[in-house]
Amino acid sequence: SEDYFKLWPQDKAYFFAPDGDGFIAYKVTRGIAFALADPIAPTIAARQRLLRDFCDFCTANGWTVCFIPVEEGSQKLYEPPFNLLPIGSGAVIDINEFNEKTRHDKWWRWKRNQAVKAGLRYKVSSPPHAPEFLYQLKDVSDAWLQHGGRREQGFALGYFNMHYLNECRIHYLLDEHDMVVAFTNELPIFSGTQATVDLLRYTPTQDAAMPYLLMSLIEQLGTEATY
């Protein structure tokens, strides 16, 4: 569900299989070729060949190879000569379990009550989005970035860009004045039964906004048969 990051942001180079039937998205920084896992190819054998060819290509250029992020189900593909190193983790949420159990916990009920009391309302918008709406998202994003010295990322994450967001479904919260105070974007996916969100941005004065937005988003996905 995160394969969209192999196409966006547009800060990557691409290594293609000789027959054009697969590719690896990568970026070279300080002699290290950072590549997004897994190689794209139609079969496991084709992925293995593509991986070997890419490693040979990097060796010829004097680069060290690093694949990120390697999921548990793909670890065998990266067995020696690669070493697996845990440097972080992602949260995978079972929607049914969250809706049936987690959202009823005291903390989540507290955050929901805070948000509702503050007059926050959950909405979802499918692309294409109105320019006025995107500019409201930009105001929220700018306020979020200015708080605590945050900065935009890239490569394996997106950053605020109106063209990018105009390809994504947007989950957001409105305040009592119908102004956007929090949003996240749902990545376009190519297959599977997972949804992935990228940017998580909110007006710094709205403490309950992000938990309420995430809760509402998960509940919304639970109503959609795709997930």
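Start by selecting Lys6 and Asp3: they form a salt bridge, with the closest N and O atoms 2.6 Å apart. (A salt bridge here is a side-chain nitrogen of Lys or Arg within 4 Å of a carboxyl oxygen of Asp or Glu.) Lys6 is buried at 3% relative accessibility, while Asp3 is partly exposed at 30%. For those words, buried means under 20% relative accessible area, exposed over 50%, and partly exposed in between, with a 1.4 Å probe and protein chains only.

Before you move on, note that this is a predicted model, where local features need pLDDT of at least 70, side-chain atom pairs count only at pLDDT 80 or more, and totals for chains, interfaces and linings use all residues. Residues are numbered from 1 along each chain as its sequence is written, and side-chain values use heavy atoms, with hydrogens and water left out.

Next, pick Arg121 and Asp178, whose closest N and O atoms are 2.3 Å apart in a salt bridge. Arg121 sits in strand E5 (residues 121-125) and Asp178 in the loop between E6 and E7, so the pair ties together parts that are 57 residues apart in sequence. (Helices, H or I with at least four residues, and strands, E with at least two, are DSSP runs numbered from the N terminus.) Arg121 is partly exposed at 33%, and Asp178 is partly exposed at 47%.

Now jump to Glu152 and Arg201, which meet in a salt bridge at 2.7 Å, N to O. Glu152 is in the loop between H4 and H5 and Arg201 in strand E8 (residues 197-202), 49 residues apart, so to speak a link between distant parts of the chain. Arg201 is buried, at 5% relative accessibility; Glu152 is partly exposed, at 27%.

Which residues are linked with Glu219 in a network of salt bridges? Select Arg103 and Arg112 to see them. Glu219 itself is in helix H6 (residues 209-222) and is buried, with a relative accessible area of 17%. Leaving out residues up to four places away in sequence, Glu219 touches Asn99, Arg103 and Arg112, where contact means heavy atoms within 4.5 Å.

**Into the core**

Select Leu137, Tyr164, Leu165, Ile170, Tyr172, Val180 and Phe183: of the 20 residues in the largest nonpolar core, these touch the most other members. (A nonpolar core is a set of buried Ala, Val, Leu, Ile, Met, Phe, Trp, Tyr and Cys residues joined through side-chain atoms within 4.5 Å.) Helix H4 (131-146), helix H5 (162-165), strand E6 (169-174) and strand E7 (180-186) each supply at least two residues of this core, and the largest share, four residues, comes from H4. Click on Val180 and look around: among its contacts beyond four places in sequence are Phe133, Val140, Leu174 and Thr203. Apart from this core lies another, of 17 residues, including Phe15 and Leu50.

**Last stop, the surface**

Finish on Leu7, Tyr14, Phe16 and Phe190, a nonpolar surface patch with about 420 Å² of accessible area together.

How values were computed. Patch = residues over 30% accessible without salt bridge, like charges linked within 9 Å, V, L, I, M, F, W, Y side chains within 5 Å. Areas by Shrake-Rupley, 256 points an atom, 1.4 Å probe, with all protein chains shown as cover.
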